[in-house]
Amino acid sequence: TNSSPAVRMLFEVLDEMEPADQRRFIMWVTGSPRLPAGGLASLQPRLTIVRKTPEQGRGSDEYLPSVMTCQNYIKLPDYSSKEVMRKRILTAVCEGQGSFHLS
């Protein structure tokens with residue numbers, strides 16, 4: 001939900017990103033270089049953020065977030081800190097451009 005700590009932390013991380021990294025994030029999540037008029041609220045399908053649960057015996061900080069671009073769907077681990085989240089998102093965004101993997 002919008003009030004969950006992970007979602008609030010995600011929006012804080014996005015707000016603190018450089019504009020170029022914000023654009024890369026949008027491209028990574030949606031497959032499009034720009035948001036529609038009206039911003040995130042106007043995405044169709046709507047942006048969905050779900051918790052990515054780690055495998056037994058592993059920590060959330062070990063995982064990168066993943067996306068399903070055609071559904072504007074983010075699988076976000078419950079990271080231990082905003083700094084960990086920022087690093088994992090930037091890694092996923094930079095390393096995931098132009099690749100396709102099943103998750």
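**A buried asparagine and its surroundings in a predicted model**

At 5% relative accessibility, Asn 72 counts as buried (buried means under 20% relative accessible area, exposed over 50% and partly exposed in between, with a 1.4 Å probe and protein chains only). This residue belongs to a predicted model, in which local features need pLDDT of at least 70 and side-chain atom pairs count only at pLDDT 80 or more, whereas totals for chains, interfaces and linings use all residues. Residues are numbered from 1 along each chain as its sequence is written, and side-chain values use heavy atoms, with hydrogens and water left out.

Asn 72 sits in the loop that links β2 (66–68) to β3 (73–76); helices (H or I, at least four residues) and strands (E, at least two) are DSSP runs, numbered from the N terminus. A polar atom of the Asn 72 side chain lies 2.7 Å from the backbone oxygen of Pro 45. Apart from neighbours within four places in sequence, Asn 72 is in contact with Val 29, Thr 30, Leu 43, Gln 44, Pro 45, Arg 46, Leu 47 and Thr 48, where contact means heavy atoms within 4.5 Å.

The twelve residues of α2 (residues 19–30) should span 16 Å at 1.5 Å a residue, and the end C-alpha atoms are 16 Å apart, in agreement; the expected span is 1.5 Å times one less than the number of residues. Just after α2, Gly 31 adopts a positive phi of about 80°.

A search of the whole structure finds one aromatic pair. Phe 25 and Trp 28 form this tilted pair, at 5.8 Å centre to centre and with 50° between the planes. Rings of Phe, Tyr and Trp (its six-membered ring) pair if their centres lie within 6.5 Å; planes under 30 degrees apart count as stacked, over 60 as edge-to-face and the rest as tilted. Both residues lie in α2, three residues apart, or about one turn of the helix. An α-helix has 3.6 residues a turn, so residues three or four places apart point the same way. Phe 25 and Trp 28 are both buried.

Strand β2 contains Ser 66, which is buried at a relative accessible area of 9%. The side chain of Ser 66 makes a polar contact with that of Lys 52 at 3.3 Å (a pair of N or O atoms within 3.5 Å; within protein, one must be able to donate a hydrogen and the other to accept it, and residues adjacent in sequence count only if both atoms are side-chain atoms). Helix α1 (residues 5–16) holds Phe 11, which is partly exposed at 34% relative accessibility. Not counting residues up to four places away in sequence, Phe 11 touches Leu 40 and Ile 49.

Turning to the whole chain, three helices and three strands are present, in the order α-α-β-β-β-α from the N terminus. Of the 103 residues, 31% count as buried. Among contacts with a separation of 6 or more, 61% come from residues 24 or more positions apart. Along the principal axes, the C-alpha atoms fill a box of roughly 40 × 30 × 25 Å.
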